[in-house]
Amino acid sequence: MPDDPADLLHRRGYRVTGQRLAVLRAVSTESHLTADAVAETVRAELGAISLQAVYDVLAVLVDVGLVRRIQPAGSPARFEARVRDNHHHVICRICGRTADVDCAVGSAPCLTAVDDMGYQIDEAEVIYWGRCPACQSQTPT
Ligand SMILES: [Zn+2]
Ligand SMILES: [Zn+2]
């Protein structure tokens, strides 16, 4: 990991708390968890933590750049600790399983829009939708 999370929180003026580190660990252990799933994992480790507290911590972690939030259309936000490489996602329409896909063209070229309309672009979100292998074998086309 290039940056020590505790360091990074500190530098951005956030206190380093057990909750924040536990949430980060949960997100690092399994990619693309929903806030609900993160809360479950953290509860197993720390005991009680409210879903709202988990949302608050996730917002802080996203703000300092330790966690990336993806928001697929029609499904709850998911969180992951793989940040800053502009990778994309493939999502199953049936079960919601989400996987990482490296950028199709190379290193974040999709950030270079044909015409940026004067915007300063720092992120491009590409989501491939389809059916995962498990769902394909269950539902004949
Ligand atoms: Zn599926
Ligand atoms: Zn991802």
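**View 1. Spacing and geometry of the donors around the zinc ion (ligand 1).** Along the sequence, the donor residues of the zinc ion (ligand 1) follow the spacing C-x2-C-x36-C-x2-C. In this predicted model, in which local features need pLDDT of at least 70, side-chain atom pairs count only at pLDDT 80 or more, and totals for chains, interfaces and linings use all residues, side-chain values rest on heavy atoms, with hydrogens and water left out. Residues are numbered from 1 along each chain as its sequence is written, while chains are lettered from A and ligands numbered from 1 in the order in which they are written. The SG atoms of C92, C95, C132 and C135 coordinate the zinc ion (ligand 1) at 2.2 to 2.3 Å, where donors are N, O and S atoms within 2.8 Å of the metal (3.2 Å for Na, K and Ca), and sites may look incomplete because water is not among the atoms. The angles among the four donor atoms run from 106 to 112 degrees, and the site is tetrahedral, a label given to four donors if all angles lie between 85 and 135 degrees. C92 counts as buried, at 3% relative accessibility, whereas C95 is partly exposed, with a relative accessible area of 40%; buried means under 20% relative accessible area, exposed over 50%, and partly exposed in between (1.4 Å probe, protein chains only).

View 2. Distant parts of the chain are linked here by H32, in the loop between α2 and β1 (33–34), and H89, in strand β4 (residues 88–92), 57 residues apart; helices (H or I, at least four residues) and strands (E, at least two) are DSSP runs, numbered from the N terminus. H32 is buried at a relative accessible area of 7%, and H89 is buried at 1%. H32 also has a positive phi, near 60 degrees, in a residue other than glycine.

**View 3. Packing of helix α2 against helix α3.** The axes of helix α2 (residues 18–29) and helix α3 (residues 35–46) come within 9 Å and cross at roughly 125 degrees, the axes being lines fitted to C-alpha atoms, for helices over the stretch in contact, with angles running from 0 to 180 degrees between N-to-C directions. On the α2 side the contact involves G18, Q19, A22, V23, R25, A26 and V27, and on the α3 side V38, T41, V42, E45 and L46, contact meaning heavy atoms within 4.5 Å.

**View 4. A53 in helix α4, with Q19.** A53 belongs to helix α4 (residues 51–64) and counts as buried, at 18% relative accessibility. Although A53 and Q19 are 34 residues apart along the chain, their C-alpha atoms are separated by 8.7 Å.

**View 5. The protein chain as context for the close-ups.** The chain has five helices and six strands, arranged along the sequence as α-α-β-α-α-β-β-β-β-β-α. Buried residues make up 33% of its 141 residues.

How values were computed. Tetrahedral: all angles 85-135°; square planar, octahedral: opposite > 155°, others 65-115°.
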